[in-house]
Amino acid sequence: MTQGKTSAEVVIVGGGIAGCAVAYYLTTLGVKSIVVERESIASAASGFAQGGLYLMSGAGLDGPLFPFATESVRLHHELYPLLKEETGLDTLLGSKSVLAAAFDDVDVGALHARHTWQTERGFTSNWLDEKAVRELEPGIGPEVIGALVTEDTWVLESDVLTKAFMQAAEKHGAEFRIGNVEGLEWDGDRVTGVRLSDGAISCPSVVLALGPWSAHLKEWIGVDVPVQPIKGEILRLRSKTPPVTPHLAWHDSYMVKKPDGLLWTGTTEDEAGFDRDPTESGAQRIMEGAARIFPAIADAVIEVHTACLRPVTPDNTPIVGAVPGKQGVYIATGGGRKGILSGPAIGKSVADIVVHGKTDLPAEPLGLDRFMNG
Ligand SMILES: Cc1cc2nc3c(=O)[nH]c(=O)nc-3n(C[C@H](O)[C@H](O)[C@H](O)COP(=O)(O)OP(=O)(O)OC[C@H]3O[C@@H](n4cnc5c(N)ncnc54)[C@H](O)[C@@H]3O)c2cc1C
């Protein structure tokens with residue numbers, strides 16, 4: 001039989017950023033939840049992400065993700081001092097400029113288009129020709145022919161943020177429990193509880209925040225939740241001759257100076273099911289790409305090599321809100337490549353919807369129904 005309480009106002013399945021953010025925002029509305037996580041808080045992608053809050057580029061931002069993620073950045077700034085005061089944990093939220101390099105004319109075209117897109121949305125960015133790039137970053141690779149530099153992009157420590165959400169929630173009455181949830185309990189279409197491997201917790205509301213494992217939810221709720229695990233690896237490198245620039249980017253890859261003194265370099269994107277093991281071939285691909293942009297990196301030492309899974313939806317936009325046709329069942333998933341960026345908005349919008357049935361955040365287009373109508 002499961003230890004502790006056998007009932008709760010809300011049970012949240014999953015202790016990643018999505019689940020912990022929902023637990024935190026529920027406490028701000030006076031609701032105490034139980035978060036059930038089978039490993040530990042931030043043990044999956046939320047504990048190993050690079051932590052960039054990149055609104056200025058990436059898949060999905062031409063759609064409803066942009067206003068949602070913009071609100072999330074506002075919430076990140078609001079949360080930073082609050083969570084530090086509540087928990088003593090510092091997520092080290094800080095700004096950097098990002099230098100995105102071009103290797104050929106196709107890259108130049110794409111970065112010029114990005115420059116226009118960013119300017120229209122109020123970002124500050126500048127195009128540098130080859131000479132200006134080399135003056136700024138003398139160690140840049142010989143193939144680089146220009147770069148777009150975007151100012152004031154934000155980055156933080158994703159593991160610390162996830163733990164801070166949970167600790168702040170616990171301070172206000174939420175509970176964390178290790179457990180493997182195996183399914184839901186029902187009275188018709190109304191949820192009545194969650195079934196764990198060692199017992200059950202009865203509850204009128206359940207939030208499903210299983211990250212990439214949301215792909216299995218059809219077995220629980222009878223509705224397909226189109227989330228796919230996309231594996232990503234990162235190397236944390238120690239270099240005696242690091243770049244001057246705090247953040248180099250090229251195509252979908254990056255080399256970022258982090259507060260641990262290491263250069264976080266990545267990443268890969270592989271369809272590998274639920275496999276979370278770092279691979280030799282992943283490390284090799286990362287090092288080859290990094291040496292193209294910054295050749296001196298070839299002498300760096302690999303201190304840490306991580307792999308984890310992004311929960312990616314077909315439109316690269318999260319899934320939040322009530323599950324149509326079911327009573328008391330809510331979803332908080334699909335952060336994809338930007339789940340740390342979107343985490344606060346996922347947490348707040350789902351908490352609002354659980355308690356009030358609606359939210360002021362622009363989450364209306366993010367419902368599961370968008371994949372059910374046709
Ligand atoms: C290499 C890499 C770099 C990234 N960099 C960034 C970045 O710079 N910026 C950004 O915004 N995003 C980034 N992301 C994306 C981000 O990490 C994810 O979108 C986000 O962490 C997803 O959070 P989540 O809470 O939805 O899922 P997860 O963190 O995967 O958490 C889900 C949790 O649910 C638990 N769980 C699952 N099933 C059960 C069950 N049956 N019972 C109990 N518990 C269960 C799991 O154990 C897990 O802990 C990156 C991802 C990767 C892979």
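Guide: A residue counts as buried if 20 or more other C-beta atoms lie within 10 Å of its own. The model here is predicted. In helix α5, the buried residues are S158, D159, V160, L161, T162, K163, A164, F165, M166, A168 and A169.

Visitor: How many of the 14 residues of α5 are buried?

Guide: The count is 11, and α5 is mostly covered. The cover over its buried residues includes the helices α1 (17–28), α2 (65–87) and α8 (339–356), together with the strands β2 (33–37) and β7 (175–178).

Visitor: Why should α5 span 20 Å?

Guide: The helix runs over residues 158–171, and at 1.5 Å a residue its 14 residues should span 20 Å. The expected span is 1.5 Å times one less than the number of residues. The end C-alpha atoms of α5 are 20 Å apart, so the expectation and the model agree. After α5 comes G173, with a positive phi near 105°.

Visitor: How do I read the two faces of a strand?

Guide: Side chains in a regular strand alternate between the two faces of the sheet. In β15 (residues 263–266), L263 and T265 lie on one side, and W264 and G266 on the other. These four residues are all buried, so both faces of β15 are covered.

Visitor: Which strands pair with β15?

Guide: β12 (residues 228–238) pairs with β15 in the antiparallel sense over 4 bridges, and L235 stands opposite T265. β14 (residues 253–257) also pairs with β15 in the antiparallel sense, over 4 bridges; there K257 stands opposite L263. β14 and β15 form a hairpin with 5 residues between them, and G261 in the turn has a positive phi of about 85°.

Visitor: In what order do the strands of the open sheet with 3 strands lie?

Guide: The order is β8-β9-β10, with antiparallel pairing. β8 (181–187) and β10 (199–202) are the edge strands, each pairing on one side only. Neighbouring strands of this sheet are turned by 30° against each other on average, direction ignored. Between β9 (residues 190–196) and β10 there are 4 bridges, and R195 stands opposite A200 in β10.

Visitor: Which stretches make up domain 1 and domain 2?

Guide: The domain assignment gives 10–87 + 158–226 + 315–371 for domain 1 and 94–153 + 229–312 for domain 2. Their C-alpha centres lie 29 Å apart. In the contact, 19 residues of domain 1 meet 17 residues of domain 2. The domain 1 side of this contact divides into 7 nonpolar, 11 polar and 1 charged.

Notes. Residues are numbered from 1 along each chain as its sequence is written. This is a predicted model: local features need pLDDT of at least 70, side-chain atom pairs count only at pLDDT 80 or more; totals for chains, interfaces and linings use all residues. Helices (H or I, at least four residues) and strands (E, at least two) are DSSP runs, numbered from the N terminus. A residue is buried if 20 or more other C-beta atoms lie within 10 Å of its own, exposed if 12 or fewer, and partly exposed in between; C-beta atoms are placed from the backbone. Two residues are in contact if their C-beta atoms, placed from the backbone, lie within 7 Å. Two strands pair if DSSP finds at least two bridges between them. Axes are lines fitted to C-alpha atoms, for helices over the stretch in contact, and angles run from 0 to 180 degrees between N-to-C directions. Domain bounds come from an automatic or database domain assignment. Ala, Val, Leu, Ile, Met, Phe, Trp, Tyr, Cys and Pro count as nonpolar, Asp, Glu, Lys and Arg as charged, and the others, Gly among them, as polar.
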